[in-house]
Amino acid sequence: MFQIFILSILEVRVHGMDSFVAYCINKSMIWYDHTIGDYYLDKSFTGRNLNELWKEDLVVFNSITDMSHLILDNEEHMQVMFKLGIAKNSSDYDTRHYELLHYAYQVLFINTDVFMATLDQWRPQFRKHRIGVQFRTGGKLANTREGAGYLDLGDIPLCVKTIREYCQMMNYTMDVVTIHVSTDSDDVLKVFQREFVDSVFIPPFHSVSHTSFVMSRKRFEGYYSALIDIALLRECEYLILTSWSSFGWASGMQMKEWNGVYLLHGQPNVKKVVHLIL
């Protein structure tokens, strides 16, 4: 399993990169969610099934995630991870698990120069400090209604309070802060824009769809916007994520060093975690 873990990474980075880039829509990558059944076996979006993607050396990340425990439970494999500097010998089991996944996400979630050039054209608008909010509602509040519910408008005050407390702790005034809001609800976005006037950055022509692009008629637009959101969130110095959202988890896992909290529906306080292995 260790060999598969390493070879899968190398295959994307070396042997499969040309075909991977050639396939990826608008030359952006990578498939971000581990629940592939709804997203990628659905030909109405990709036009192709999972077996065809495997033939082109695309690595669907859930297979790597599932292997991480097998690596952790094998002392010989872990010794190699220690030697490579991927995991630290002094870490506890959960921290080692985070270290393996964090490394894999840094390697596998890459964007091409063409994709990053889109972000680069917006950078002059970004202020010195950037805070990311991933606020997923689901349910009836989402632009594209779905069965699962996460947060609602009643959870926004705690999120706003958390942003203000972080800025106060860091001695930031709002004129030096840009807030990236990733959400599936126009109603949520409007509240943040009222609370933080002129500080919320939304990419031009951005579709507020979050992970719900699966249920949207504008699938390409939603998919592209989701990738943009991930790219913006991972660059932030501080993240506020929706608990139990794999989209937020994947975004946080790509930060160079995790720094953030989780929002839980109906709870009076945010959840602080040392790392993203809950």
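Q: Which residue is the bridge partner of H180 in β3?
A: That's F201. Bear in mind this is a predicted model, where local features need pLDDT of at least 70, side-chain atom pairs count only at pLDDT 80 or more, and totals for chains, interfaces and linings use all residues. Residues are numbered from 1 along each chain as its sequence is written, and side-chain values use heavy atoms, with hydrogens and water left out.

Q: In what sense do β2 and β3 pair?
A: Parallel, over 2 bridges. Two strands pair if DSSP finds at least two bridges between them. Helices (H or I, at least four residues) and strands (E, at least two) are DSSP runs, numbered from the N terminus.

Q: What's the strand order in the sheet?
A: The 6 strands run β3-β2-β1-β4-β5-β6 in an open sheet with mixed pairing. β3 and β6 (271-272) are the edge strands, each pairing on one side only.

Q: Which strands does α10 touch as it packs on the sheet?
A: β1, β2, β4 and β5, and its direction makes about 165° with that of β1. Axes are lines fitted to C-alpha atoms, for helices over the stretch in contact, and angles run from 0 to 180 degrees between N-to-C directions. As for α13, that helix lies across β1, β2, β4 and β5 and runs at about 160° to β4.

Q: Back to α10: which residues in it are buried?
A: I156, L158, C159, V160, T162, I163, Y166 and C167. Buried means under 20% relative accessible area, exposed over 50%, partly exposed in between (1.4 Å probe, protein chains only). The cover over those buried residues includes β1, β2, α11, β4 and β5 (260-263), where contact means heavy atoms within 4.5 Å.

Q: What happens just after α10?
A: N171 takes a positive phi of about 60° there. N171 sits in the loop between α10 (156-169) and β2 (177-183), and counts as exposed because its relative accessibility is 69%.

Q: New topic. How many aromatic pairs does a search of the whole structure find?
A: 6. Rings of Phe, Tyr and Trp (its six-membered ring) pair if their centres lie within 6.5 Å; planes under 30 degrees apart count as stacked, over 60 as edge-to-face and the rest as tilted. One of the pairs is W122 with F201, tilted, at 5.8 Å centre to centre and 55° between the planes.

Q: Last one: is S185 buried or exposed?
A: Buried, with a relative accessible area of 0%. S185 is in the loop between β2 and α11 (186-195). Leaving aside neighbours within four places in sequence, S185 is in contact with T137, L141, A142, N143 and V208. A polar atom of the S185 side chain also lies 3.2 Å from the backbone nitrogen of D187.

Terms used:
Polar contact = N/O pair within 3.5 Å; in protein donor to acceptor, adjacent residues only side chain to side chain.
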